[in-house]
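This briefing concerns the packing of helices, the pairing of strands and some local backbone features. Please consult the sequence and the structure shown here before reading the points that follow.

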Amino acid sequence: MESEKGKAIKLSGNHVSYAQADSIFLKPWGGFGGSKWNYMLKSPIKEILIAHGDCIDSIMFITVTEQGTTIDSPKFGGGGGRRAKVVFEATPLEYLTGINGTFGYGGSHLVIKSLCFITNAKSYGPFGSKDGGTPFSLVMKEGVAIVGFHGCSGLYLDAIGVYLQKLTPPTSAKEPMVEDIEIHDVSFSTLRKDSLNVLDFIESLKNEEIQKVDDADLIEKLILELDFLLLNLHHLSKYRVDQLSSFMTEYEFLQNVCGNIRHFHELIVNGCVGHENVEYVLPQFQLMAKRVGRFLWQNQIGGHSRLFKLTHLFLEIIPTQLEVMHICLTNLKASTSTKVGRFIKQLLETSPDILREYLIHLQEHMINVITASSPGAHNIHIMIEFLLIILTDMPKDFIHNGKLFKFLARVGALTRDVSSMARNLEEKSKNEESTNETNSATLGLLEKIELLKKELKDVYLKAPDSSQLCFPMSDGPLFMHLLLRHLDDLLNSNTYLVALIKEEIRLVKEDLEFIRSFFGNVEQELYKDLWARVLDVAYETKDVIDSIIVRDNGLLHLIFSLPFTIEKINLIKEGVSNLFEKIPKNMGVIVVNSPNKPVDRKSSIAGKIIVGFKEETAGVIAGKEMKRSVWLEVRNDLNSFIFQKEEDVMRVIALSYDHLPDPLKSCLIHLASFPKDEAIPVRNLEILWLAEGFLEQREMKSVEKLFDIYLDNLISSSLVISFNEIGDDRTCQIHDLVHDFCLIKAREEKLFGKISSIAPSSSSSDLMPRQMNIEYRKWHFGHNNFVLFDSKKKRHSGKHLCSLRITGHIYDDNSLNDICHLRHLRLLRVLQVDRFSITVNDSLLNEICTLVHLRYLNIQTEVDSLPLSFSNLWNLETLRVNNFGPPLVLLPTILNLVKLQVLGINDCSFFDLDTDEPILVGEDSKLESLRLLRGLKLSNSKDIDDIFKRFPNLQELQFDLKKSWDCSTDRYWFPKLDFLNELESLKVTFEDSYSNDSAFSAATNRLWDFHFPSSVKMLCLCEFPLTSDSLSTIGILPKLEDLYLED
């Protein structure tokens, strides 16, 4: 059967050369199953044979030589499907210029579902089934031909890709104009065609002599080259819009930068700008164009990690725009040229977004290449944070008339200074030169911040209208407790942005603590209006501080709102100070609480037996005050309990809840974030409560002791049920009705909530609660109902978010990697990405490394090593990684996480196991806080023993040991651990290399060189070949309670 459609067009005189050396490889579309195949055309195609059904079963090519002999290719694919044939009637003038189709799942494998072939004369197809497939398309209008194919095949055609070759047109051929380029809706037609010409562009740049930049012809040529790049970027932006890609805005930034440089270059050509003003920057223009051109080529022809490359491109080219801004605002400031004035205005209008993007990437880059302890780095980071507050949500409506461009010029100049200092510091650090001079220069940055803050208030900005936020929750004391914990954590976080407002946070915390102490000693009813006023101001203050940190209208909040709220708190404090003197010294403490609201429940469970609530009630009664009103409340609640209705039981739970201390309330509500009937491991709960900020260390009690007290109090109140109380497998859970009650409370107090990718998006004005669980389902995924990840759409709503958990089963889907952005969730303390959900790639991992308030991080990834930027997470206490790649290399980055207590990575090593080369680390680098270390892979190395000395307070250690023979001791090698005096639990799994080496074979019954610490209580050795002498060494451990020997 023959199949063809499409109108014929006039054939060009171009001829295809089938020289393989000039062809360009494009990555295939489809899956990875089957065997790889490759077929280069040596003569024009005459026919294409296709077998298809619901997918493409096989494909075969028939070419014809100049002598008229036909050559059949092998058949690529299986034996099924019905046959179809494409016949090229105008061979050799007719040649392939494009291919499109779809790929999707055929059973459990990705295969090619449909194909269509396009020549310079007609289009043929489609063949197969387009239903349910992902489209792909590659179409060149002229100047390029397909000269070969490659892919994978088995029972079906699993994948197909092509080789391209540029054609040499006749001398009379007309160059295609912009309007001649055909743009397809979801294709790379324009991108691929133009990207091929980028090679010519790059080669032309290589052949130019930079020294001749003053040559007029060369300057005009550069304008044409910039025009060409802008054309590519325009088409690329359109394609990204069609694909709903997160890169769309980044490509627009790139397009704006290139456009600004191009227009400035045109001013030079037209004589509006003298060469003496710009001579030093002209070579940078050529270098910038070369880098952009190379990026476009690599990005479209087999490129990968696009966002990662785009980030580096910004760092390389935006300093060129900074130089242009500097020239415009200094040498050209007095220019009377209308064109120059118009260009400067355009330059400043586009600068805020470009400068913001540059500073974000510069900050991430600094974290990777410059250690935090480097002199001057701290001040540069603080200045970057200040500039980002200005450039994010820039309040143009609040800038005085005529001041905007002057203000933007100041910001641009400061950005240039910071950029120069950062690069200077990086260069000197790399060359191990002294950075004292750079450090001295950065000291002036802090003075410039204070000066600019004063000018912002007095010169540039108009004060916004005053407004008062109202406290939206019901439990005032609980909110005040969590707020004070939040402020305390900020003060102890040692982050760069907090350094800008550290003194203000300290004042707020001290004043609110004083005010709260007053309300702990008075009757609530006497001062309920004052208490309501306190809550409103406290809530407003939290909103202001959080807004500054997440950069949500941060500039206005920093300059106006924060000083104003501090002033309001101070006025309340002065009033409270006067009232304090009137309180009798012997008055008992009375906890303030807001009135209980009745719980509206539509369903009831009359007659349901509820185990534990009698004990719960008794536990509450035991702690009651001896007041008639209180005991009347108890009697009424007990009478209600007799009816055994759900709403009545809720009253009993509420009775218990209302009389819990505030720290215990937040802990109880947190238990409802786990599914019903789930047994919660107590050890995990301790780690999470610490990370969430629920455990407040006081009275010299350790965090572990405090956790035990909190949990025991909840259990004694019968609100929490405990299981397996002896050993490490202790668990707990809450009753279903307690779970329901806590969910209601969580909504009232905005403590946590849940989002499903099935559910529609909420309004952009809706504030997220403190904790959020997101359930991802691939088949319900859409950009419009999963916008929490989009930093540009949801920054406001997520600004109070402290804890985020992402669940779901995504498997091989990597679509979230391209649209997931987390850097805007700047207050995040807990991030849990459950297994089989998002696999964190390099670019997303770098964003996570900017979340400096993180205490708990649980992710899955395939990266080879922890990036240096991980050292930025100096508040991290727990790190858990599901590693799907090679063993994750820990050193030297891990030693910078000074607060780390729990480290669990299912496959990790101190060094690269392939080379086993040690990595230089500081002599005094230690993790004093590390208590648990799991997932290590160890092999014999003289440096391993020294490494463990860097974790002196380890309490639990698990690792896999590769078989190694120590010739110096004539024993199996085992790391020395006897100096770990706190170690109580040790589990080691032996990995036999199955070597035929005679030394190993002879050593089977020889001794192990064990060096266990005397503190070990639990020892588990898996798959160890032990002798009686080895067991004797174990038997003398003085504190050993549990010994497990597993085959």
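P126 is placed in strand β11 (residues 123–128), where helices (H or I, at least four residues) and strands (E, at least two) are DSSP runs numbered from the N terminus. A cis peptide bond, with omega of about 15°, joins G125 and P126. The model is predicted, so that local features need pLDDT of at least 70 and side-chain atom pairs count only at pLDDT 80 or more, while totals for chains, interfaces and linings use all residues. Residues are numbered from 1 along each chain as its sequence is written, and side-chain values use heavy atoms, with hydrogens and water left out.

**Backbone in a loop**

- E432 is not a glycine, yet it has a positive phi of about 55°.
- The loop that holds E432 lies between α9 and α10 (436–460).

**Helix α8 with helix α9**

- Helix α8 (residues 377–391) packs on helix α9 (residues 404–430) at an angle of about 150°, and their axes are 10 Å apart; axes are lines fitted to C-alpha atoms, for helices over the stretch in contact, and angles run from 0 to 180 degrees between N-to-C directions.
- The two helices α8 and α9 are therefore roughly antiparallel (angles under 35 degrees count as roughly parallel, over 145 as roughly antiparallel, 65 to 115 as roughly perpendicular and the rest as oblique).
- The crossing of α8 and α9 is left-handed, a term used if the near helix is turned anticlockwise from the far one by less than a right angle.
- On α8 the contact (heavy atoms within 4.5 Å) is made by A377, I380, M383, I384, L387, I390 and L391, and on α9 by F407, V411, L414, T415, V418, M421, A422 and L425.
- By class, the contact of α8 with α9 has 14 nonpolar residues, 1 polar residue and no charged residues; Ala, Val, Leu, Ile, Met, Phe, Trp, Tyr, Cys and Pro count as nonpolar, Asp, Glu, Lys and Arg as charged, and the others, Gly among them, as polar.

**Helix α11 with helix α13**

- The axes of helix α11 (residues 476–492) and helix α13 (residues 502–519) cross at roughly 150° and come within 10 Å.
- That makes α11 roughly antiparallel to α13, and their crossing is left-handed.
- Residues of α11 in this contact include M480, H481 and D488, which face a set in α13 that includes K502, R506 and E513.
- The contact of α11 with α13 has 9 nonpolar, 1 polar and 6 charged residues.

**Helix α19 with helix α21**

- Helix α19 (residues 662–670) and helix α21 (residues 703–716) pack at about 75°, with axes 10 Å apart.
- α19 and α21 are therefore roughly perpendicular to each other.
- P663, L664, C667 and L668 of α19 meet Y710, N713 and L714 of α21, a contact with 6 nonpolar, 1 polar and no charged residues.

**Strand pairing**

- The order β15-β17-β16 describes an open sheet of 3 strands with antiparallel pairing; two strands pair if DSSP finds at least two bridges between them.
- β15 (680–681) and β16 (721–723) each have a single partner strand at the edges, so one side of each is left without a neighbour in the sheet.
- β15 and strand β17 (residues 731–733) run antiparallel and are joined by 2 bridges, with C732 in β17 as the bridge partner of I680.
- Strand β32 (residues 1018–1022) pairs with strand β33 (residues 1042–1046) in the parallel sense over 5 bridges, and L1019 stands opposite L1043 in β33.
- Together with helix α27 (residues 1028–1035), β32 and β33 make a right-handed β-α-β unit; a crossover is right-handed if, with the strands pointing away from the viewer, the path from the first strand over the helix to the second runs clockwise.
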